[in-house]
Amino acid sequence: MAGGGQRTVLVTGCSSGIGLQIAVQLAQDPNRRYCVIATMRDLKKKEKLEEAAGNSLNDTLVVKRLDVCSDESVAECLNSIPNCRVDVLVNNAGIGQIGPIESISMDDMRKVFETNFFGAVRMIKAVLPDMKRRRAGHIVVISSVMGLQGVIFNDVYAASKFAMEGFCESLAVQLLQFNIFVSMVEPGPVNTEFEMKLMEEVSRSEFPGTDVDTIRYFKEVYLPASHEIFVTMGQSPNTVAKATVKVINMAQPNFRCQTNVLYTPLIALKYADEKGNLSVRTFYNLLFNFGTLFHFSMNLLKCITCNCFRRRVNPA
Ligand SMILES: NC(=O)c1ccc[n+]([C@@H]2O[C@H](COP(=O)([O-])OP(=O)(O)OC[C@H]3O[C@@H](n4cnc5c(N)ncnc54)[C@H](OP(=O)(O)O)[C@@H]3O)[C@@H](O)[C@H]2O)c1
């Protein structure tokens, strides 16, 4: 595996979605700059990754088991890497959770933090001593715009990403002293299995302990709006992976990388009003009072971002 000049990149959560794409894109780098340790918690799911990796499999990409929620699993994986050396860590593994908080058990809420926050922290703690010793390294976190802006009915998921943002913002300053960079990749909606898994969970829930109005808002206002946002603004995992690879390739990597320009104005609302009312009330009004304006904005975005205009300018 890692030959002269190659950087070892460990990616978590490569069984599907963004992690799979990042691992494959790095492994297929035309200049063979990366040796990729593509990890997943359940090796029974490795087929999709192996197929996508093609010729790079067992050349510039190896698949290993790693559950970010287990100390033993992390240690076992790192000990199997020559000199336990990781040059770039990509913390991608994550789970979602949606629904009224009354209906979600404390244990289920903790699971989100165990994976999205403590899982990533566990990985960082495991690679940091060696990176510090070598005075080199790059820690990449697949965060989310929900780490910057809370979203209705995503309370705990957003909190886990906010926690990660705060943790990394603090760490980034300390680590520059050791020539170690931290980068937060902040996608908006991405069309992966993530949303599907959430919808499956929601379809099974009867929302115990939740009042009828909240259930109605969740089902009749939030779910259709969320679906519309994914259809209109959703990026492909491939696009998010490309943005991530670009950050990894930087000599002086940026701290933040928002991958979806359509989402940037929504984040800007938060910083435009230090009292915080602008974003809270804008989101509230768009969802509950001006549903028509919300649909109109989404349709406008669909028009602006579709290929119609380009086709008209450049007829085939
Ligand atoms: N999709 C979106 O709209 C979106 C938007 C912004 C940010 N993100 C973030 O992007 C990252 C990747 O999500 P995705 O969209 O690519 O979804 P995905 O296809 O569901 O991928 C999530 C990956 O994380 C893995 N994972 C979950 N728990 C794990 C654990 N304990 N140890 C190791 N791996 C674990 C999953 O493995 P299994 O197959 O075993 O479950 C899967 O490989 C997540 O951190 C997510 O929060 C997603």
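Trainee: What do the buried residues of helix 4 pack against?
Mentor: Keep in mind this is a predicted model. The buried residues of helix 4 pack against helix 3 (71–79), strand 4 (88–91), strand 5, helix 5 and strand 6 (180–186).
Trainee: Which residues in helix 4 are buried?
Mentor: Val112, Thr115, Asn116, Gly119, Ala120, Met123, Val127 and Met131. As background, an α-helix has 3.6 residues a turn, so residues three or four places apart point the same way.
Trainee: How many residues does helix 4 have, and what does it span?
Mentor: Helix 4 covers residues 106–134, which is 29 residues. From first C-alpha to last it reaches 41 Å, close to the 42 Å expected.
Trainee: Where does helix 4 bend?
Mentor: At leucine 128, by about 40°. Proline 129 follows within four residues.
Trainee: And what follows helix 4?
Mentor: Arginine 135, with a positive phi near 55°. Most residues other than glycine have a negative phi.
Trainee: Switching topic: where is asparagine 58?
Mentor: In the loop between helix 2 (47–53) and strand 3 (61–65). Asparagine 58 has a positive phi too, near 60°.
Trainee: Is asparagine 58 buried or exposed?
Mentor: Exposed, because asparagine 58 has 11 C-beta neighbours inside 10 Å, and the cut-off for exposed is 12 or fewer.
Trainee: What about phenylalanine 153, buried or exposed?
Mentor: Buried, because phenylalanine 153 has 20 C-beta neighbours inside 10 Å. Phenylalanine 153 sits in the loop between strand 5 (137–142) and helix 5 (155–176), and its phi is positive, about 65°.

How values were computed
Residues are numbered from 1 along each chain as its sequence is written. This is a predicted model: local features need pLDDT of at least 70, side-chain atom pairs count only at pLDDT 80 or more; totals for chains, interfaces and linings use all residues. Helices (H or I, at least four residues) and strands (E, at least two) are DSSP runs, numbered from the N terminus. The expected span of a helix is 1.5 Å times one less than its number of residues. The bend at a residue is the angle between axes fitted to the seven residues ending there and the seven starting there. Two residues are in contact if their C-beta atoms, placed from the backbone, lie within 7 Å.
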